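This report describes selected local features of one protein model. The sequence and the structure are shown first.

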Amino acid sequence: MRLTFLGGTGTVTGSKYLIEYQSRKVLVDCGLFQGLKALRLKNWAHFPVAAETIDAVVLTHAHLDHSGYLPRLVKEGFNGTVYCTAATRDLCRILLMDSAKIMEEEAEYARRKGYSKHRNPEALFDSDDVEKSLRLFRAVDWNIPFPLRDGLEMSFFKAGHILGAASLRLSHADVSITFSGDLGRPDDPMFPPPEKPGETDYLVVESTYGDRIHGDTNPLDQLEELVQKAVKDSGVLLIPSFAVGRTQALLYLLYQLKNAGRLPRIPIYVDSPMAIAATELYAKHPGDHALGAKLSDDVFGIAHYVQAPEESAKLSQSKGPMILISASGMATGGRILHHLKAFAPLRNTIILLAGYQAASTRGAALARGAEELKIHGEYIAVRAEVVSMKNSSAHADAGQIVEWIKGAGKAPRRIFITHGEPESSEALRLRIRRDLGWDAETPEYRDSVEL
């Protein structure tokens, strides 16, 4: 087998790993590059491998940095099978279609407003490409070895990151390779702990938070304080949030505050059709999370869900106090942009950054203290208070990643550290060496390794 790194190296976006064996090609994850312009341009470049020669794609989970390039790959000629868990399949239907819609709307908006450098701006892919992609999906059960082609076998085991998130083991002849996917936290109240990898010849592991240890700060205390301030100032607590995973986690935190009598009377809005559809899937896949049916109904019943664009527009013209959760989580697109235009210039607004902010996104600019944001071709003043949420990540920290790796039992032949900024990946490499005495390496984009 040969492994080639086509994304997720030196960055947390664009995860793609090509496995070649005999005359077959399998792509593990098919993520969209986000953030820095140099990364985003890779989405538009011709794919390094002829798309029609790829036999299958295997997705670890549905987040766009792992699945979002799939419709483009189909547009370029891929027509194989896409393997994933059932929940990932259902989430991809939501995320990919929403992504196409946003791209189409932004291209049309740019054409009408004339702020694009391109004479005729186009979307990276459209809804038709997504529909073609979705017809290729096949769901695979948990923890059951599944034969692909010519002796390659795959199996999914739970990663605890979002609904349906998996780690993946591939085996061919006497060689095995395990991909961590994105690892959740072992103490996450919404998901069971990530399952250990077991013995493997090769290991590809994420390093999003490879340079830090999550603190013991209780996010409930911080959230309660911010809600109280929004009520006092009659302001808006505006939360850019990932539609899948983070929005549901925020609702669970708010539910906990309410259940403990710590949540003042304040309306809570979830303004993201994608987040609404994703939330409904928790009832469809109860075995993939730890809430149970009754608790899910109670947790997700505390908010008012906004579907219609007209109601979303009215929210942007409303006054506080209110809690407004809207996608996207890094403010790269979606309805959150309209709310930022409306509320970021107001001093009684609190913008709560509730998740990871990749370099060169609007979320990262806010986290750095930017005094203005460029949205839809114009600069918007930021006078709101900007706060980053503490200790709420859905990713394992450095110590938890090392503990997960330790579950291999003995050192793999090689460990490859990916899906992290360079500082995070290097810090994790050093920690693995220090804590386990095992060597690890950080591959570069398009590096290729014989397994």
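## Surroundings of Ser67

In this predicted model, the side chain of Ser67 reaches the backbone oxygen of Ala62 at 2.8 Å. Ser67 belongs to helix α2, which covers residues 64-67. Its relative accessibility is 0%, so Ser67 counts as buried, the cut-off being under 20%.

Apart from neighbours within four places in sequence, the residues in contact with Ser67 are Cys30, Gly31, Leu59, His61, Ala62, Cys92 and Leu96.

## The open sheet

An open sheet is formed by 7 strands in the order β6-β5-β4-β3-β2-β1-β21, with mixed pairing.

Strand β3 (residues 24-28) and strand β4 (residues 56-58) run parallel and are joined by 3 bridges. Opposite Val58 in β4 stands Val28.

## Cis peptide bonds

The bond from Gly320 to Pro321 is cis, with omega near 5 degrees; Pro321 is located in the loop between α10 (309-316) and β15 (322-326). The bond from Ala327 to Ser328 is also cis, with omega near 15 degrees, and Ser328 lies in the loop between β15 and α11 (336-343).

## Positive phi values

Ala173, in the loop between β9 (166-172) and β10 (175-179), has a positive phi near 55 degrees although it is not a glycine. Ala173 counts as exposed because its relative accessibility is 73%.

Ser234 also has a positive phi, about 50 degrees. This residue lies in the loop between α6 (219-233) and β12 (236-240), and its 38% relative accessibility is why Ser234 counts as partly exposed.

Technical notes
Residues are numbered from 1 along each chain as its sequence is written. This is a predicted model: local features need pLDDT of at least 70, side-chain atom pairs count only at pLDDT 80 or more; totals for chains, interfaces and linings use all residues. Side-chain values use heavy atoms; hydrogens and water are left out. Helices (H or I, at least four residues) and strands (E, at least two) are DSSP runs, numbered from the N terminus. Buried means under 20% relative accessible area, exposed over 50%, partly exposed in between (1.4 Å probe, protein chains only). A polar contact is a pair of N or O atoms within 3.5 Å; within protein, one must be able to donate a hydrogen and the other to accept it, and residues adjacent in sequence count only if both atoms are side-chain atoms. Contact means heavy atoms within 4.5 Å. Two strands pair if DSSP finds at least two bridges between them.
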